[in-house]
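This report is an introduction for a reader who is meeting the structure for the first time. Please look over the sequence and the fold before reading on.

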Amino acid sequence: ENELHDFSTLAAILRDHHDDELISPRFGATNATFASLCMHAGEWGASETSASLLARYDEALGIIARYAPAQACLSAYIPVYMTDLPEIMQTAEKKYDENSLWWQVKRLDLLVAVDEEHFAEDVRKELSDLEKVFENLAIQAESIAKKLVKEGSFDEAKEILKQATNSCTKLLYD
C-alpha cells in the first residue's frame, strides 16, 4: 500500500504546535501565539481541543480508529474498533470523575499546563512510548482478527479487537 499518511503521521499533524519552526510557541503550547490544530486554552474557559479521532476503513475489519482523550499532544492514541467500548471510555461529564478516562487524561493536561516548559517534554516522551506499545498491540490484534474474519469467525475477531482496546485503555488509565 502506498499511503501518504498513516495514523502516526496524522497524529503528528493533530499534535503540531509549530515546534522547531519560525513561528514556534514562545512560552510553550499553552501560551502559543499562533493557532494550531491542538488548541490549549490560553485562559480559563477559552476554547481548546477536547479530544481527537483518526479513522480509516479496512476491507476485512471495517472502521479502524485511534482515539486521543483531551489534547492530542498530551495523550496517547488508543486503538478503537466498532465493538463495545470499555466503561471508562463512555463517560466525560461536566465534573471530574476518577472513573472516566477522559477526565484522567484531562487532569494530566491541566497538571502539565501549570508549568508546560518544565513538564511537557517528559510527559510527551512517556506518552509517545506508551503509544508505540498501543500501536504494536493494535497491529497484532488486527492481523489476528483479519485471519479470523477470513475463516468466518466474526465474533472471535470482534473479541480480539475489543481486548486490544481494553488493554490499551487500561494502560493509559493506570
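The model described here is predicted.

Three strands form an open sheet in the order 1-2-3, and their pairing is antiparallel. Strand 1 (51-58) and strand 3 (78-81) are the edge strands, each of them pairing on one side only, and from one strand to the next the twist averages 25°. In general, the strands of a sheet pair through backbone hydrogen bonds, either parallel or antiparallel.

Strand 1 and strand 2 are joined by eight bridges, and a hairpin of three residues connects the two. Across this pairing, Y57 stands opposite I63 in strand 2, while D58 stands opposite G62 in strand 2. Strand 2 and strand 3, which also run antiparallel, are joined by four bridges, and here R66 stands opposite P79 in strand 3. Strand 2 is largely enclosed by the rest of the structure, because seven of its eight residues are buried.

## Helices across the sheet

Helix 1 (residues 7-15) lies across strand 1 and strand 2, and its direction makes an angle of about 155° with strand 1. Helix 3 lies across strand 1, strand 2 and strand 3, running at about 25° to strand 3.

K150 belongs to helix 3 (residues 116-150) and, with a relative accessibility of 75%, counts as exposed. Although K150 and A60 are 90 residues apart along the chain, their C-alpha atoms are separated by 7.8 Å.

## Salt bridges between strands and helix 3

The whole structure contains 10 salt bridges. In one of them, the side chains of R56 and E142 meet with a distance of 3.8 Å from N to O; R56 lies in strand 1 and E142 in helix 3, so this pair ties together parts that are 86 residues apart in sequence. R56 counts as partly exposed at 31% relative accessibility, whereas E142 counts as buried at 7%.

D58 forms a salt bridge with K146, the closest N and O atoms being 3.0 Å apart, and this pair links D58 in strand 1 with K146 in helix 3, 88 residues apart. D58 is buried, with a relative accessible area of 8%, while K146 is partly exposed, with a relative accessible area of 30%.

A further salt bridge brings together the side chains of E135 and R66, at 3.0 Å from N to O. Because E135 lies in helix 3 and R66 in strand 2, the pair ties together parts that are 69 residues apart in sequence. E135 is partly exposed, at 26% relative accessible area, and R66 is buried, at 1%. Through salt bridges that share partners, R56, D58, R66, E135, E142 and K146 are joined into one network.

## A surface patch and a buried loop residue

Which residues form a nonpolar patch on the surface? They are Y57, I63 and M82, which together have about 350 Å² of accessible area. I63 is placed in strand 2 (residues 62-69) and is partly exposed, with a relative accessible area of 39%.

T83 lies in the loop between strand 3 and helix 2 (101-114). Is T83 buried or exposed? T83 has a relative accessibility of 14% and therefore counts as buried, the cut-off for buried being under 20%. Leaving aside residues up to four places away in sequence, T83 touches K158, L161 and K162.

Note on methods: Residues are numbered from 1 along each chain as its sequence is written. This is a predicted model: local features need pLDDT of at least 70, side-chain atom pairs count only at pLDDT 80 or more; totals for chains, interfaces and linings use all residues. Side-chain values use heavy atoms; hydrogens and water are left out. Patches are made of residues with over 30% relative accessible area and no salt bridge: like charges are joined within 9 Å, nonpolar side chains (Val, Leu, Ile, Met, Phe, Trp, Tyr) within 5 Å. Accessible areas come from the Shrake-Rupley method with a 1.4 Å probe; for residues, only the protein chains shown count as cover. A salt bridge is a side-chain nitrogen of Lys or Arg within 4 Å of a carboxyl oxygen of Asp or Glu. Buried means under 20% relative accessible area, exposed over 50%, partly exposed in between (1.4 Å probe, protein chains only). Two strands pair if DSSP finds at least two bridges between them. Axes are lines fitted to C-alpha atoms, for helices over the stretch in contact, and angles run from 0 to 180 degrees between N-to-C directions. Contact means heavy atoms within 4.5 Å.
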